[in-house]
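Have a go at each one before you read its solution.

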Amino acid sequence: MAMTRGNLKSALQSPVRNHRAADLIKRSFSSSAHHDTAYEAKESDKWEKITYLGIVSCSALAFWNLSKGHPHFDEPPAYPYMHIRNKEFPWGPDGLFEVKEHH
């Protein structure tokens, strides 16, 4: 019932809004209203250059950063309280991904 009232109301108002609806159909986005292809091509070229410049600069920065040496620290002392095991693991005395010299 409500749907038929809505359809009837829109049918009665459609001649009034016909001109405005035609304008809305023509312009889907406000930025595409003027269709200046020269401006769009210039803008596209600008962003393409910015993208390539960004790729080159980020790659150079990453190469420079990764090529520098990094500090090596001494082995931490073997604290006896860090590896407390009250019972053995099912796969042996060491951790699952640890390999000790006694194996």
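**Exercise 1.** Find out how many salt bridges a search of the whole structure gives, and say which side chains meet there.

*Solution.* Keep in mind that this is a predicted model. The search of the whole structure turns up one salt bridge. It joins the side chains of Lys46 and Glu43, with 3.0 Å from N to O. Side chains of opposite charge can pair when their charged atoms come close.

**Exercise 2.** Work out where Lys46 and Glu43 sit along their helix, and whether each is buried, partly exposed or exposed.

*Solution.* Start with the helix: Lys46 and Glu43 are three residues apart in helix 2, so about one helical turn separates them. Next, take the accessibility. Lys46 has 37% relative accessibility and so counts as partly exposed. Glu43, at 23%, counts as partly exposed too, because buried would mean under 20%.

**Exercise 3.** Locate Met82, decide if it is buried or exposed, and name the patch residues that go with it.

*Solution.* First, the place: Met82 lies in the segment after helix 2, which spans 37-67. Second, its relative accessibility is 54%, so Met82 counts as exposed. Third, Met82 forms a nonpolar surface patch with Tyr79, Tyr81 and Ile84, and together they have about 490 Å² of accessible area.

**Exercise 4.** Look for aromatic pairs in the whole structure, then see what lies over the face of Trp64.

*Solution.* The search for aromatic pairs finds zero.

Key. Residues numbered from 1 in each chain as written. Predicted model: local features only at pLDDT ≥ 70, side-chain atom pairs only at ≥ 80, totals over all residues. Heavy atoms only, no water. Patch = residues over 30% accessible without salt bridge, like charges linked within 9 Å, V, L, I, M, F, W, Y side chains within 5 Å. Areas by Shrake-Rupley, 256 points an atom, 1.4 Å probe, with all protein chains shown as cover. Salt bridge = Lys/Arg side-chain N within 4 Å of Asp/Glu carboxyl O. Helix = DSSP H or I, 4+ residues; strand = E, 2+ residues; numbered from the N terminus. Buried < 20%, exposed > 50% of the residue type's maximum accessible area, 1.4 Å probe, protein only. Phe/Tyr/Trp six-rings, centres within 6.5 Å; stacked < 30°, edge-to-face > 60°. Lys NZ or Arg CZ within 6 Å of the ring centre and 35° of its normal.
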